[in-house]
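This briefing is intended for a reader who is meeting the structure for the first time. Please view the sequence and the model together while reading the points below.

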Amino acid sequence: MLAVAVEEARQGLAEGGIPIGGALFGADGTVLGRGHNRRVQDNDPSMHGETSAFRNAGRQRSYRGTTMVTTLSPCWFCSGLVRQFGIGRVVIGEAQTFYGGHEWLSENGVEVVLLDDPGCVAMMTDFIAARPDLWHEDIGVD
């Protein structure tokens, strides 16, 4: 499942954006939606990897039993999306370059799987070194 999110992150980077990808999977493992951070490409500060995947999944009768997979620990905005819609599981590629709201999700009944994937860490580390201005804009740091 992480491979889908990584592919999305790489696509975002190739488009000149921030390399964070996400995918929403159904209980049976079917990809419901996939996407990547498009803040730069769409000039839309709400278009994170997880929100892009969520939007691309379209309406679902219920999100119970679904899994959100993301290359990076979800920010508070995306963590709120997971809680709001009852997504039951979040799989995270890494939380070394950014530590978001995944502990809060876990404390509130969401199953959280943190993979500490070296490829995800390297992708974000390289991006942050190359584009600290864009990264700081994305996470709200002056």
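In this predicted model, helices α3 and α4 (residues 76-85) approach each other, their axes coming within 8 Å and crossing at roughly 35°. On the α3 side the contact is made by Glu 50, Thr 51 and Phe 54, and on the α4 side by Phe 77, Cys 78, Leu 81 and Phe 85. By type, the residues of this contact comprise 5 nonpolar, 1 polar and 1 charged.

**The sheet**

- An open sheet is formed by 5 strands, arranged in the order β2-β1-β3-β4-β5, and its pairing is mixed.
- The edge positions belong to β2 (31-36) and β5 (111-114); each has a single partner strand, so one side of each is left without a neighbour in the sheet.
- On average, neighbouring strands of this sheet are turned by 15° against each other, direction ignored.
- As a general point, the strands of a sheet pair through backbone hydrogen bonds, either parallel or antiparallel.

**Strand pairs within the sheet**

- Strands β1 and β2 run antiparallel and are joined by 5 bridges.
- Within this pair, Phe 25 has Val 31 of β2 as its bridge partner.
- The hairpin of β1 and β2 has 5 residues between the strands, and Gly 29 in this hairpin takes a positive phi near 90°.
- Strand β4 (residues 89-92) and β5 run parallel, with 4 bridges joining them.

- Helix α1 (residues 2-14) lies across β1 (21-25), β2 and β3 (67-70), and runs at about 30° to β2.
- Helix α3 (residues 49-57) also lies across β1, β2 and β3, with an angle of about 140° to β2.

**The largest pocket**

- The largest pocket holds about 180 Å³ of space.
- It is lined by 14 residues, of which His 48, Cys 75, Phe 98, Asp 138 and Ile 139 are the closest to its centre.
- Two or more lining residues are given by each of the elements α3 and α7 (132-139).
- Helix α7 provides the largest share of the lining, 3 residues.
- The lining divides into 8 nonpolar, 4 polar and 2 charged residues.

**The annotated span**

- UniProt, in an unreviewed entry, lists residues 1-112 as "domain: CMP/dCMP-type deaminase".
- In the model, this span of residues 1-112 is 38% helix and 19% strand, and its end C-alpha atoms lie 14 Å apart.

Key: Residues numbered from 1 in each chain as written. Predicted model: local features only at pLDDT ≥ 70, side-chain atom pairs only at ≥ 80, totals over all residues. Heavy atoms only, no water. Pairing = 2+ DSSP bridges. Axes fitted to C-alpha atoms, helices over the stretch in contact; angles between N-to-C directions. Contact = heavy atoms within 4.5 Å. 1 Å grid on protein atoms, 1.4 Å probe; cavity = no way out; pocket = protein on both sides within 12 Å on 5 of 7 lines; lining within 4 Å. Points joined across faces, edges and corners; volume = space filled by probe spheres on them. Nonpolar A, V, L, I, M, F, W, Y, C, P; charged D, E, K, R; others polar. UniProt positions renumbered as here; feature names shortened; annotations may be inferred.
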